Amino acid sequence: QVRLVESGGALVEAGGSLRLSCAASGRTFRTYAMGWFRQAPGKDREFVARIGWSGGRTSYADSVKGGFTISRDYAKNMVYLEINSLKPEGTAVYYCAAQTVPSTQYDSWGQGTQVTVSS
């Protein structure tokens with residue numbers, strides 16, 4: 001199993017930027033894909049971004065394209081989510097997740113980090 005710990009959430013003003021971090025441990029980092037999800041108050045959790053095991057393929061939800069960037073650092077076993085031009089609708093708990101078996105559901109989740117965007 002993979003253990004994931006997110007950090008970097010904060011209260012920021014609209015238009016600001018933030019970098020979320022996710023530390024992974026427990027399994028060889030370069031063998032699985034990673035994703036970011038978010039859950040806004042009163043809404044279901046939604047997909048935000050994904051990065052493949054090799055780091056060469058990324059994908060994003062349409063709602064965040066152009067404003068979010070996912071990356072991973074193999075030396076540090078870290079995954080990052082850069083968020084630019086934050087909007088109030090970006091207020092949510094952000095989770096990172098590991099997809100240890102290709103083409104299946106994400107099977108390991110962090111505890112989440114809160115991002116609050118003030119207008």
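Asn 84 is in contact (heavy atoms within 4.5 Å) with Gly 16, Ser 17 and Gly 67, leaving aside neighbours within four places in sequence. The model is predicted, with local features needing pLDDT of at least 70, side-chain atom pairs counting only at pLDDT 80 or more, and totals for chains, interfaces and linings using all residues. Residues are numbered from 1 along each chain as its sequence is written, and side-chain values use heavy atoms, without hydrogens and water.

The side chains of Asn 84 and Ser 17 form a polar contact of 3.1 Å; such a contact is a pair of N or O atoms within 3.5 Å, where within protein one must be able to donate a hydrogen and the other to accept it, and residues adjacent in sequence count only if both atoms are side-chain atoms. The C-alpha atoms of Asn 84 and Thr 69, 15 residues apart along the chain, are 8.7 Å from each other.

Two residues are set out below by relative accessible area, where buried means under 20%, exposed over 50% and partly exposed in between (1.4 Å probe, protein chains only).

| Residue | Relative accessible area | Class |
|---|---|---|
| Asn 84 | 35% | partly exposed |
| Gln 99 | 8% | buried |

Strand β9 holds Gln 99, while Asn 84 sits in the loop between β8 and β9; strands are DSSP runs (E, at least two residues), numbered from the N terminus. Beyond four places in sequence, Gln 99 touches Tyr 32, Ala 33, Arg 50, Thr 104, Gln 105, Tyr 106 and Asp 107. For Leu 4, the contacts counted in this way include Cys 22, Met 34, Cys 96 and Trp 109.

Key. Helices (H or I, at least four residues) and strands (E, at least two) are DSSP runs, numbered from the N terminus.
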